[in-house]
Amino acid sequence: MKKTRRFRPAPERRGGIVVKLSVILLTCDRERFAARAIRCLLAQDFRDFELIVVENGSRGGVPPSLSLLAAGEPRVRLFERPRGTISTGRNFGLSQARGSFVTFFDDDDTAAPDYLSFLVSLAEETGADAAVCGSWREENGKRLPNFAEDRRLVLTPEEAVSELLLRRRCNAATPTKLFRRSLFGGIRFPEDRRVDDIFVTYKLLARARRTAFHLLPKYCFTRHGGNSSAFTTDDSLLTPEILREYGDAFRERTAWLSRRLPKIADLAQYAELSYQLSLFARLTDHGPPACEGERQRLGRELAARRAWLARCPYLQPFERERLRLVPAGEGENA
């Protein structure tokens, strides 16, 4: 098997920590996007960071443009690995990180010139272990705000995870988020899954003593057909395997949070059922025929919790309408 190849030696350590921040960028067969992302990061007004570029098995090896960008820049550490999942690449990047903080940057995205300085300052000024900024979403040449709000909040673990569960101020995507590297102790991305962020982000927010939110848009997600998460908006790309992965992720999340943060156990259960309800409605309206079995399974599970969900104070009016689509179940579990 092809071994990992390191193109630049690790920088000399200073007092046990090389830099303030480690930025992990994973790429595979997307030279044009990745080169743009690297140039964007090297142009940041914050300079005390290392950029760990994980070349995750591109056909033909490391693209020349990436090698050229790394060759003249001591902050870039470029690694070539055998082809693997997104999680294997991210976990490898974490194993190489030396910064006090860690953030992830998708190879097809861009950011404002003060993106990194904004997140680092937000964490340091508030004494937070995690920091979250707002973002843009660019699709078909149009840029729209995505979780944007000019308000600074410093939240407890329960409050931060609640924001994640309710999807009011953030989602599970790791970009836009800065984490103290120590939070990752014993936590890694699941290497056999596609929906890796969902298994990890809530654990990091639950571990953080405080999380700072200031949702000024500093990061821009680029939406296109080649996104690894394109199935989240294109129902034709859904498969039974993806749907089962989501189910596993949310069941695990509910169980983990119920043990770790019991005060928000009901909210965690609602968030799981809310996502099931959203998937059930999508599959009912225009789901792929191959997912009919999963649609019926979701319907049975929702029917068994219909009474609990109908009484849930978190249930939104549009979700109450969706609940009407769920067939009545025998012996509903209240």
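These legends go with a set of close-up views of a predicted model.

**View 1. The whole chain, before zooming in.** The protein chain runs to 334 residues, and 55% of them count as buried. Its secondary structure comes to eleven helices and eleven strands. If you look at contacts with a separation of 6 or more, 79% of them join residues 24 or more positions apart.

**View 2. The surroundings of F213.** Leaving aside residues up to four places away in sequence, F213 touches L122, V132, L153, L155, A160 and C170, along with R151, R152, E163 and R169.

**View 3. Helix α7 packed against helix α9.** Here α7 (residues 240-260) and α9 (residues 292-304) pack with their axes 10 Å apart, at an angle of about 25°. That angle is under 35 degrees, so α7 counts as roughly parallel to α9. On the α7 side, the contact uses P240, L243, R244 and R251; on the α9 side, E294, R297 and E301. Sort these residues by type and you get five charged, two nonpolar and no polar.

**View 4. Helix α9, end to end and inside out.** How far apart are the end C-alpha atoms of α9? They sit 19 Å apart, which agrees with the 18 Å that 13 residues should span at 1.5 Å a residue. Buried residues in α9 are E294, R297, L298, G299, L302 and A303. Those buried residues pack against α7, α8 and α10 (306-311). Two of the names, E294 and R297, also belong to the contact with α7.

**View 5. T254, a buried spot in α7.** Stay with helix α7 and find T254. Its relative accessible area is 7%, under the 20% cut-off, so T254 counts as buried. What does T254 touch, not counting residues up to four places away in sequence? The partners are A268, Q269 and E272.

View 6. Phi of R167 is near 55°, a positive value in a residue other than glycine. For T176, another residue that isn't glycine, phi is positive too, near 80°. Are these residues buried or partly exposed? R167 is partly exposed, with a relative accessible area of 42%, whereas T176 is buried at 5%.

View 7. D48 lies in the loop between α1 (31-42) and β3 (49-55). With a relative accessibility of 31%, D48 counts as partly exposed. Now look across to L116: D48 and L116 are 68 residues apart in sequence, yet their C-alpha atoms are 9.7 Å apart in space.

How values were computed. Residues numbered from 1 in each chain as written. Predicted model: local features only at pLDDT ≥ 70, side-chain atom pairs only at ≥ 80, totals over all residues. Heavy atoms only, no water. Contact = heavy atoms within 4.5 Å. Axes fitted to C-alpha atoms, helices over the stretch in contact; angles between N-to-C directions. Helix = DSSP H or I, 4+ residues; strand = E, 2+ residues; numbered from the N terminus. Parallel < 35°, antiparallel > 145°, perpendicular 65-115°, else oblique. Nonpolar A, V, L, I, M, F, W, Y, C, P; charged D, E, K, R; others polar. Expected span 1.5 Å × (residues − 1). Buried < 20%, exposed > 50% of the residue type's maximum accessible area, 1.4 Å probe, protein only.
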